[in-house]
Amino acid sequence: MPAETRSRVRAPFAAALDLPPPFRLVTLREIGDAFAHATSIAEQEGAGTLVHVGRFDLAEFAVVLEPEEPLRTAKRALYAGVCALGDALAAHAPPEKPIAFDWPDAIRVDGGLVGGARLAWPSGADEQEPPAWLVFGAMIRTVAMGETEPGLRPLGAALDEEGFDDLGSGRLVESFARHLMIAIDAWQERGFGEVAKSYLARLAPEPGVRRDLDENGDLLVRRAGKTERRPLLSALAVPSWLDPATGGPRR
């Protein structure tokens, strides 16, 4: 996406994670909230700021972007981030382990929900003007905690259960950062269609259905000559994958 991440970083990134330019690392303790913290410092710290929470059981992080295009279309950054996260997981997955998305924000490994993403922007931002910032946040369950009996978590999954050996939070975030730069470059050089193609390829297939992403990020579902529009803005209001009681991915 058109985002001036390369020129807006204000300090070199920390050495705790091996992040590519232009990322600047902010690390929080385990009780921190990466998404909330990134949102609170986005205006001050600027693009490329990546907030990471040091947790054992979750990869939790958020990154600040500064798009050049109007908020109405810039919200499609959610799809670029989800694609980057999906590609990062695929790069470390066991052979033939499927990585799939539930529109618009949830991520599954072999059918089990491992987490998802969300997006924030300044309150009251004009849809027709570039926002001062966007924050893309994500959470992936890396380790199953306290649930060893089958059936206790029928809908959820964790990376350790799915054969992602030694893929801890830090390595996943490093891989995500690199894949995000690839997705952003593809958007800038060849248009959003490249991101949309990658994203739509990981939605669960539906026979007789064609799906597209509209200019404003809405999902267009076409079947039998009829088109259903699923608004992105309303879907982002409540993350589908997030359990409000635990603050983590649904189980």
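1. Let's start with a pair of helices: H3 and H4 are oblique to each other. They pack at an angle of about 130°, with their axes 8 Å apart. Here angles under 35 degrees count as roughly parallel, over 145 as roughly antiparallel, 65 to 115 as roughly perpendicular, and the rest as oblique. The axes are lines fitted to C-alpha atoms, for helices over the stretch in contact, and the angles run from 0 to 180 degrees between N-to-C directions. You can find H4 at residues 169-190 and H3 at residues 77-92.

2. A word on what you are looking at: this is a predicted model, in which local features need pLDDT of at least 70 and side-chain atom pairs count only at pLDDT 80 or more, while totals for chains, interfaces and linings use all residues. Residues are numbered from 1 along each chain as its sequence is written, and side-chain values use heavy atoms, with hydrogens and water left out. Helices (H or I, at least four residues) and strands (E, at least two) are DSSP runs, numbered from the N terminus.

3. Which residues bring H3 and H4 together? On the H3 side, the list includes Ala 77, Ala 80, Gly 81, Ala 84 and Leu 85. On the H4 side, Leu 172, Ser 175, Phe 176 and His 179 are among them. Contact means heavy atoms within 4.5 Å. The crossing of this pair is right-handed; that word applies if the near helix is turned clockwise from the far one by less than a right angle, and left-handed if anticlockwise.

4. H3 has another partner, helix H5 (residues 192-200), with an angle of about 50° and axes 9 Å apart. That angle makes H3 oblique to H5 as well. From H3, Tyr 79, Ala 80, Val 82 and Cys 83 take part, and from H5 Phe 192, Val 195, Ser 198 and Tyr 199. This crossing is left-handed.

5. Now look at Arg 118 in strand E6 (residues 112-120). Is this residue buried or exposed? Arg 118 is buried, yet has no salt bridge. Buried means under 20% relative accessible area, exposed over 50%, and partly exposed in between (1.4 Å probe, protein chains only). A salt bridge is a side-chain nitrogen of Lys or Arg within 4 Å of a carboxyl oxygen of Asp or Glu. The nearest side chain of opposite charge is Asp 33, 4.3 Å away. For charge, Lys and Arg count as positive and Asp and Glu as negative; His and the chain ends are not counted. Leaving aside neighbours within four places in sequence, the contacts of Arg 118 include Asp 33, Phe 35, Phe 136 and Trp 241.

6. Side chains of opposite charge can pair when their charged atoms come close. How many salt bridges does the whole structure hold? The search finds 21. In one of them, Arg 222 meets Asp 212 at 2.3 Å, N to O. Arg 222 is in strand E9 (residues 219-223) and Asp 212 in strand E8 (residues 210-213), 10 residues apart. Arg 222 is partly exposed, at 29% relative accessibility.

7. Asp 214 and Arg 229 form a salt bridge too, the closest N and O atoms being 2.7 Å apart. Asp 214 sits in the loop between E8 and E9, and Arg 229 in strand E10 (residues 226-230). Arg 229 is partly exposed, with 44% relative accessible area.

8. Finally, some backbone details. Most residues other than glycine have a negative phi, and most peptide bonds are trans. The bond from Pro 21 to Pro 22 is cis, with omega near 20°, and Pro 22 is in the segment before strand E1. Trp 103 and Pro 104 are also joined by a cis bond, with omega about -5°.

9. Asp 110 has a positive phi near 50° and lies in the loop between E5 and E6. Ala 224 also has a phi near 50°, in the loop between E9 and E10. With 45% relative accessible area, Asp 110 is partly exposed, whereas Ala 224, at 77%, is exposed.
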